[in-house]
Amino acid sequence: MNFEQARFNMVEQQIRPWDVLDFDVLDALSEVPREYFVAESQQAYAYADKTLPLPNGGSMLEPKIVARLIQGLALKADDKVLEVGTGSGYAAALLSKLSANVMTVDVDAEQQQRAKAVLDKLGFNKIIYEVGDGLAGALGGAPFDAVYIGGAVPVVPEALKNQLNNNGGRMVVVVGEAPVQRALLITRNGDAFAEQVLFDTYIPQLKTPTLSPTAKFNF
């Protein structure tokens, strides 16, 4: 399979038509080899417009959803980013391309190690890995310029709002349940929070914690 051509087709046929027009985001999507982040048995679907299962029962979101959420963050080269839900590691790679550094938190240490192995192999060395319940807030590093949540949640997590930089910190989060969820952009200025609907969608729920609430580890 010609993955380079498949990556080009993904950007041109899936991503751009879904109103992802930020050149930096499109460049990152064109550069990150998504086939490295999927199981060998799924490589034929690496650039398909579909959600893919992860070994731990979680999900790898379809590319256009990831792209649209990341575009909503309007990342700058000096931004410090928190990702909640490492998953496959693909979103972390894109976030790392677009920012100064990324802290990624996941409840599943084994899945995160799989993602880290791929990211290390591809040379992504600006990523900090933590195991824990990211919805309760990062274990350190706040405030963050941007927060990306890699799965749907019932409500906007207040703990993460309070970890945003109070001078324009942004968070993208998909909120709600079937049949329709909403992707929101939350922006903080001082103690005030503005909320904007980016689009309607339906994606899998963020994987729930399997750790004790006090279990915290660093890699």
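## Helix packing and overall fold of a predicted model

The axes of helix H2 (residues 23-31) and helix H4 (residues 90-98) cross at roughly 130° and come within 10 Å of each other. The structure is a predicted model, in which local features need pLDDT of at least 70, side-chain atom pairs count only at pLDDT 80 or more, and totals for chains, interfaces and linings use all residues. Residues are numbered from 1 along each chain as its sequence is written, and side-chain values use heavy atoms, with hydrogens and water left out.

Axes are lines fitted to C-alpha atoms, for helices over the stretch in contact, and angles run from 0 to 180 degrees between N-to-C directions. Helices (H or I, at least four residues) and strands (E, at least two) are DSSP runs, numbered from the N terminus.

**Helix pairs**

H2 and H4 are therefore oblique to each other; angles under 35 degrees count as roughly parallel, over 145 as roughly antiparallel, 65 to 115 as roughly perpendicular and the rest as oblique. H2 passes H4 in a right-handed crossing, a term that applies if the near helix is turned clockwise from the far one by less than a right angle, anticlockwise being left-handed. On the H2 side, Asp24, Val25, Ala28, Leu29 and Glu31 meet Tyr90, Leu94, Lys97 and Leu98 of H4, where contact means heavy atoms within 4.5 Å. By class, the contact of H2 with H4 comprises 6 nonpolar, no polar and 3 charged residues. Ala, Val, Leu, Ile, Met, Phe, Trp, Tyr, Cys and Pro count as nonpolar, Asp, Glu, Lys and Arg as charged, and the others, Gly among them, as polar.

H4 is mostly covered, with 8 of its 9 residues buried; buried means under 20% relative accessible area, exposed over 50% and partly exposed in between (1.4 Å probe, protein chains only). Tyr90, Leu94 and Leu98 are among the buried residues of H4.

H1 and H2 also pack, at an angle of about 145°, and their crossing is right-handed. Arg7, Met10, Val11 and Ile15 of H1 make this contact with Leu26, Leu29, Ser30 and Glu31 of H2.

Met10, Gln14 and Ile15 of H1 form the contact with Pro63, Lys64 and Ala67 of H3.

| Pair | Angle | Axis distance | Residues in contact by class |
|---|---|---|---|
| H1 and H2 | about 145° | 8 Å | 5 nonpolar, 1 polar, 2 charged |

**Whole protein**

The protein contains 6 helices and 10 strands. Its radius of gyration is 16 Å, close to the 17 Å that the globule rule gives for 219 residues, so the protein is as compact as a globular protein of that length. This radius is taken over C-alpha atoms, and the globule rule is 2.2 Å times the number of residues to the power 0.38. Along the principal axes, the C-alpha atoms fill a box of roughly 50 × 35 × 35 Å. Buried residues make up 53% of the 219 residues. Of the contacts with a separation of 6 or more, 56% are between residues 24 or more positions apart.

**Glycine 151**

Glycine 151 lies in strand E6 (residues 146-153) and is buried, with a relative accessible area of 1%. Not counting residues up to four places away in sequence, glycine 151 touches Val174, Ile203, Pro204, Gln205 and Leu206. Glycine 151 and leucine 164 are 13 residues apart in sequence, and their C-alpha atoms are 19 Å apart in space.
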